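Please look over the model below with me. My notes follow as numbered points.

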Amino acid sequence: MKTTQVLLAGATGYLGRYIAQQLVESGYKTTLLVRNKQKAKFDTKQFNVVEAEVTQPDSLRGLFEQIDIVISTVGITRQKDGLTYMDVDYQANVNLIEEAKKHQVKKFIYVSVLNGDKLRKIKVCEAKEKLGDYLKASGLDYCIVRPNGFFSDMGDFLKMAQGGKVYLFGDGKPKLNPIHGKDLAKVCVDAIQSSDKELPVGGPDLLSQNEIASLALGAYSKPSKIIYFPDWTRKLTLWLLRTFTSSKFYGPAELFLTTMAMDMSAPCYGEEHLKDFFKETVSKQQKRATP
């Protein structure tokens, strides 16, 4: 029986590295697409590692031969190197889709964002949703994985908590369940066998912003001190960012400030808990600070 061959694009990112390991553990023959083999530092005994620039379609030629499944986590949090969200989140993934079509790839799995349909006006989500539309019209079998925020995205809560106070907009009641990269990687790999076309997913703990703030403060053994700003200050901040800065600067903040006013509940999944992640992060910080 032929072993299913998977090509993973975006392998060097936070999520990509977890997916790469999960693919190997699940018995898939795995090709990793990276910009620089030496910098990527993957074990070539475990993976077939190939170099390409996803923004340059010519560099992808020939890499999809014998590939059955493509998983893409390609995207940027912050615009850099002169590249925009449309250049990377949209066009680079279009390049991957077109190459997948040429080689009759069986399925294309794309990692997008939860509630993307409600967030189309946000720069980074505009590109992701346009790509989702393109994938749906491509003729390929597909699955769009829609995770809630990552644990690593909750770092702003810890930064505030370190100073003894956490600042929130509104009443802090909107809920979310961020997910660890390890758990999300399992969802992405399981999507290979799934018939679902869209997979919204979050971590195992559905928490209000107030509860996340308390967990962050607790990780530093601080009393629960939360300061609330009226929601109009959030709206004003968004307006100022959009009016007086470029999307290169405001992109990540725009997404954060918008979702802070939304319910971001997703189906619960996984075994990694935010409370433990906060404690581990703080413990590592304290060890590094100890002479």
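Where is the place of K128?

1. K128 sits in helix α4, residues 123–136. The model is predicted: local features need pLDDT of at least 70, side-chain atom pairs count only at pLDDT 80 or more, and totals for chains, interfaces and linings use all residues. Residues are numbered from 1 along each chain as its sequence is written, and side-chain values use heavy atoms, with hydrogens and water left out. Helices (H or I, at least four residues) and strands (E, at least two) are DSSP runs, numbered from the N terminus.

2. K128 is buried, at a relative accessible area of 14%. Buried means under 20% relative accessible area, with a 1.4 Å probe and protein chains only. Leaving aside residues up to four places away in sequence, K128 touches D89, Y110, V111, S112 and V113. Touching here is contact, with heavy atoms within 4.5 Å.

3. Now the sheet. Seven strands form an open sheet, with parallel pairing, in the order β3-β2-β1-β4-β5-β6-β9. Two strands pair if DSSP finds at least two bridges between them. β3 (48–51) and β9 (198–201) stand at the edges with a single partner strand each, so one side of each has no neighbour in the sheet. The twist averages 20 degrees from one strand to the next.

4. Strands β1 (residues 5–9) and β4 (residues 69–72) run parallel and are joined by four bridges. L7 has V70 in β4 as its bridge partner.

5. Back to the helices. α4 lies across β5 (107–111), β6 (141–147) and β9, at about 155 degrees to β6. Helix α6 (residues 181–190) lies across β4, β5, β6 and β9, at about 165 degrees to β6. Axes are lines fitted to C-alpha atoms, for helices over the stretch in contact; angles run from 0 to 180 degrees between N-to-C directions.

Conventions:
Buried < 20%, exposed > 50% of the residue type's maximum accessible area, 1.4 Å probe, protein only.
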